[in-house]
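These are my notebook entries on a structure that I opened today. I record what I looked up, entry by entry.

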Amino acid sequence: MNRYDCLEFLVPSMTDQLVVGSLSGQRVEWGHMSRHPGNLLVASMGAALGMGIGLALVLPHRKVIVLESDGSLLLSLYNLPTLGNLNPSNLAVFVFDNEVYSGTRISEPSATAGKTDLAGVARSCGVERATTVRDLESYKQEATKALTENVLRFIVCKVEKTTGHRQIQRPTEDLWEHKYRFVRYLETTESKQIFLGRG
Amino acid sequence: MALTYRQEIKCKMETELVKRIVGGLKEAGISFVSYLPETRLSEIVPVLREDPSFMIVPVANEAEAVSISAGASLGGRPAAVYMEGSGVYVGSFNLLCLGRRLGVPMLLIVAYYGSVLDTRNSFLYAMPGIHLLPVLKSLDIQHVIFENGDSLETKIKGAVKMMHAIKQPVALLFTGEFTI
């Protein structure tokens with residue numbers, strides 16, 4: 001199963017969801033294929049799931065989608081007990097697990113290439129609907145449920161190791177510009193001021 | 001009659017100060033607090049919990065608290081993180097990447113343990129206390145030190161104004177009378 005194909009499946013479904021992404025190749029791929037104004041690609045390892053939890057808690061009427069990687073989640077496993085206990089029903093978490101530290105370019109195996117089962121860890125932390133998918137058809141079924149049902153879902157997607165994202169042109173929009181676009185989109189769609197202060 | 005642990009150790013700052021901290025946060029517009037409680041300021045947690053204007057979230061790790069409050073902040077609820085001084089060390093990568101680099105306003109409510117005015121200072125606390133201000137300085141995080149209740153509400157309001165103005169974290173460091 002290819003990560004690009006998985007992400008591409010989500011794109012036509014984007015309407016008013018908020019999408020938080022971490023740092024791996026999926027940031028480059030998602031940013032390339034989706035210009036959704038609800039994208040918040042934080043470009044930091046170990047932070048996307050936490051930010052998604054925060055967004056989901058304060059905007060319970062909005063679907064929040066988190067795009068994580070195995071490396072980023074392994075860096076922030078402390079999020080899982082909090083996620084299990086809070087159980088935000090409007091949150092869908094996709095973990096693209098290629099079982100390698102691909103950022104090293106020599107692709108050292110990560111813990112998930114060994115005995116670590118991230119969906120099992122999530123379940124033991126109280127995330128009831130945590131599952132692992134290994135083929136595109138299963139992925140599409142789980143992703144559809146995650147996008148349409150109002151229940152917390154945590155999907156570990158076992159994907160091939162790929163360097164396809166390195167062929168994609170990187171965005172010129174910097175993080176502050178990206179953040180302002182996201183916040184202005186939320187201000188418009190939520191009809192409230194988010195950045196406070198007076199000029 | 002057996003005493004509770006909390007009664008036995010008589011660890012609490014003045015109830016009036018507790019109420020003033022929470023009241024000051026509310027008056028300044030803070031409405032979301034993630035927290036990893038510790039000894040010195042933890043009396044604020046039940047007061048925060050009783051006030052429905054606050055959404056409060058317990059966490060396992062201060063780095064997590066920073067990321068959750070960052071999400072809440074960008075989602076439209078002015079947010080704070082309550083933690084011990086050690087939490088600044090634990091959360092420093094997220095403070096750098098989310099607070100400074102992405103530019104997310106959030107208030108850090110920090111029990112400034114190990115400072116000269118920490119009434120419980122000891123060999124356990126002094127070293128992390130000594131290095132706390134240099135760490136904040138290296139992250140370029142503005143801070144206000146509270147030794148007592150003088151101008152408490154004014155300082156909190158000013159710190160919150162600052163965090164909105166610069167869209168960065170700003171820290172409140174509580175020591176002295178807040179560490180009894």
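I called a residue buried if 20 or more other C-beta atoms lie within 10 Å of its own, exposed if 12 or fewer, and partly exposed in between, with C-beta atoms placed from the backbone.

Conventions. I note that the model is predicted, so that local features need pLDDT of at least 70 and side-chain atom pairs count only at pLDDT 80 or more, while totals for chains, interfaces and linings use all residues. Residues are numbered from 1 along each chain as its sequence is written, and chains are lettered from A and ligands numbered from 1 in the order in which they are written. Helices (H or I, at least four residues) and strands (E, at least two) are DSSP runs, numbered from the N terminus.

Chain B, overall. I listed 8 helices and 6 strands in chain B. From the N terminus on, I read the order as α-α-β-α-β-α-β-α-α-β-α-β-α-β. Along the principal axes, the C-alpha atoms of chain B fill a box of roughly 50 × 35 × 30 Å. Buried residues make up 49% of the 180 residues in chain B.

Sheet of chain B. I traced an open sheet of 6 strands in the order β2-β1-β3-β4-β6-β5, with parallel pairing. Two strands pair if DSSP finds at least two bridges between them. At the edges I found β2 (55-58) and β5 (142-146) of chain B, each with a single partner strand, so one side of each is left without a neighbour in the sheet. The twist averages 20° from one strand to the next; axes are lines fitted to C-alpha atoms, for helices over the stretch in contact, and angles run from 0 to 180 degrees between N-to-C directions. I counted 6 bridges between β4(B) and β6(B), and the partner of Leu107(B) in β6(B) is Val170(B).

I next listed what Val110(B) touches, leaving out residues up to four places away in sequence: Met83(B), Gly85(B), Val88(B), Ala171(B), Leu172(B), Leu173(B) and Phe174(B). Contact here means C-beta atoms, placed from the backbone, within 7 Å. Tyr82(B) lies in strand β3 (residues 79-84) of chain B and counts as buried, with 30 C-beta neighbours inside 10 Å. Its C-alpha atom is 8.4 Å from that of Leu107(B), 25 residues apart along the chain. With residues up to four places away again left out, Tyr82(B) touches Val33(B), Tyr35(B), Leu41(B), Ile44(B) and Ile109(B).

Helix α6(B). In this helix (residues 92-101), I marked Asn94(B), Leu95(B), Cys97(B), Leu98(B) and Gly99(B) as the buried residues. They pack against α4 (62-74), β4 (106-111) and β6 (169-174) of chain B. Just after the helix, Gly103(B) takes a positive phi of about 80°.

Is Lys167(B) buried or exposed? I found Lys167(B) buried, with 21 other C-beta atoms within 10 Å. Its phi is near 50°, and the residue sits in the loop between α8 (152-166) and β6 of chain B. Ser191(A), with a phi of about 55°, follows α8 of chain A and counts as exposed, with 7 C-beta neighbours inside 10 Å.

Interface. I found 31 residues of chain A in contact with 28 residues of chain B. On the chain A side, α3, α5 (79-86) and α8 (175-190) each give two or more residues, and α3(A) gives the most, with 8 residues.

Key:
Contact = placed C-beta atoms within 7 Å.
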